[in-house]
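Here is a briefing on one protein model and the ligand placed in it.

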Amino acid sequence: MPDAVKQRLRALKSLEGPFEPVDLAALGETPQAAFLDWLEAAIAAGIAEPHAMTLSTVDAAGRPDARVLILKNVDERGWHFAISAASPKGRQIEAEPAVALTFYWQTLGRQVRIRGRATALDAADCGQDFLARSPEARAGMLPGRQSQALDNPSSLDAAMALARARLAADPGLVPPAWRVYAVAAEEVEFWQGATDRLHGRLRYRRQAAEGPWRKERLWP
Ligand SMILES: Cc1cc2nc3c(=O)[nH]c(=O)nc-3n(C[C@H](O)[C@H](O)[C@H](O)COP(=O)(O)O)c2cc1C
């Protein structure tokens with residue numbers, strides 16, 4: 001049945017809509033303002049986890065890697081996420097800070113793509129973020145072995161027992177590897193899907209880090 005999977009996938013719907021027509025020309029002067037408008041629309045539409053995004057990085061050999069993370073903030077510094085510097089993505093960003101973020105808001109037929117550079121916030125901001133996490137989320141980060149091979153599940157239990165004990169003894173503990181990064185955008189694209197496939201696309205770009213944003217429509 002070599003075609004069974006192909007047929008199964010072809011039968012699935014995508015970009016079914018109907019989607020509200022969007023006036024891309026009315027989007028804000030900065031991509032942050034436009035993003036916050038669309039994020040509010042995604043929240044109002046009841047989209048599950050509208051703050052989930054794909055972070056794409058490259059490793060030392062230039063091979064792409066990608067995974068889903070949670071957006072923690074958007075401000076003049078950019079789009080924020082929190083990770084361990086000891087994880088594969090943390091090491092990839094240290095070596096190559098050029099990254100991409102992708103959001104998909106399914107029932108609205110919208111995608112946002114951000115390309116830019118990730119910079120770690122200062123230690124005080126990183127510490128504040130860590131201490132705002134739940135006790136379980138803080139303990140889970142302490143062993144510092146994310147994405148390493150887990151040869152023996154009992155080592156996880158032992159490491160977690162140790163981590164909980166360390167936190168109980170020192171509730172203000174902040175592991176030095178905890179990082180909040182802000183992605184300063186170089187280009188941001190807002191994509192409004194259409195059932196007739198004539199998708200609306202608007203890209204923001206700027207020449208210099210502090211320069212004005214230029215907006216341009218893109219072919220679908
Ligand atoms: C919805 C969702 C949210 C996630 N949020 C985070 C997050 O905020 N920070 C994080 O380090 N990993 C998060 N993860 C796990 C990552 O996708 C990934 O598995 C992990 O960070 C290891 O990635 P790495 O091996 O590339 O370093 C999330 C996964 C999902 C599906």
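**Pockets and ligand shell**

The largest pocket has a volume of about 600 Å³. Of its 26 lining residues, Gly-140, Met-141, Arg-145, Gln-146 and Ser-147 are the closest to its centre. This is a predicted model: local features need pLDDT of at least 70, side-chain atom pairs count only at pLDDT 80 or more, and totals for chains, interfaces and linings use all residues. Residues are numbered from 1 along each chain as its sequence is written, and side-chain values use heavy atoms, with hydrogens and water left out.

**Largest pocket**

- A pocket is an open set of points on a 1 Å grid over the protein atoms alone, where a 1.4 Å probe fits, with protein on both sides within 12 Å along at least five of seven lines. Lining residues have an atom within 4 Å of a point.
- Its volume is the space filled by probe spheres set on the points, which are joined across faces, edges and corners.
- β2, β4, α5 (135-141) and α6 (153-169) each supply at least two residues of the lining of the largest pocket. Helices (H or I, at least four residues) and strands (E, at least two) are DSSP runs, numbered from the N terminus.
- β4 gives the largest share of this lining, 4 residues.
- The lining of the largest pocket divides into 13 nonpolar, 8 polar and 5 charged residues. Ala, Val, Leu, Ile, Met, Phe, Trp, Tyr, Cys and Pro count as nonpolar, Asp, Glu, Lys and Arg as charged, and the others, Gly among them, as polar.

**Second largest pocket**

- The second largest pocket holds about 260 Å³ of space. Of the 14 residues that line it, Ala-184, Ala-185, Arg-206, Ala-209 and Glu-210 are the closest to its centre.
- Strand β7 (residues 178-192) gives the most to this lining, with 3 residues.
- By class, the lining has 5 nonpolar, 3 polar and 6 charged residues.

**Ligand shell**

- Residues around the ligand include Glu-49, Arg-67, Ala-82, Ser-87, Gln-146 and Ser-147.
- β2 (64-70), β4 (78-84) and α3 (88-95) each supply at least two shell residues. β2 gives the most, with 4 residues.
- The shell has 6 nonpolar, 3 polar and 3 charged residues.

- A polar side-chain atom of Lys-89 is 2.8 Å from a ligand oxygen atom. A polar contact is a pair of N or O atoms within 3.5 Å.
- Backbone atoms take part too. A polar backbone atom of Ile-70 lies 3.3 Å from an oxygen atom of the ligand. For a backbone N or O atom of Pro-88, the distance to a ligand oxygen atom is 3.4 Å.
- The protein covers 65% of the 620 Å² of accessible area that the ligand has on its own. Such areas come from the Shrake-Rupley method with a 1.4 Å probe.

**UniProt annotations**

- UniProt lists "domain: Pyridoxamine 5'-phosphate oxidase N-terminal" (unreviewed entry) at residues 39-153. This span is 27% helix and 37% strand, and its end C-alpha atoms lie 39 Å apart.
- For residues 178-220, UniProt gives "domain: Pyridoxine 5'-phosphate oxidase dimerisation C-terminal" (unreviewed entry). That span is 0% helix and 58% strand, with its end C-alpha atoms 40 Å apart.

**Backbone geometry**

- Gly-17 and Pro-18 are joined by a cis peptide bond, with omega about 0 degrees. Pro-18 lies in the loop between α1 (4-11) and α2 (31-44).
- Leu-15 is placed in the loop between α1 and α2. Phi of Leu-15 is near 50 degrees, a positive value in a residue other than glycine.

Terms used: A residue is near a molecule or strand if one of its heavy atoms lies within 4 Å of it. A polar contact is a pair of N or O atoms within 3.5 Å; within protein, one must be able to donate a hydrogen and the other to accept it, and residues adjacent in sequence count only if both atoms are side-chain atoms. UniProt positions are given in the numbering used here, feature names are shortened, and annotations may be inferred rather than shown by experiment.
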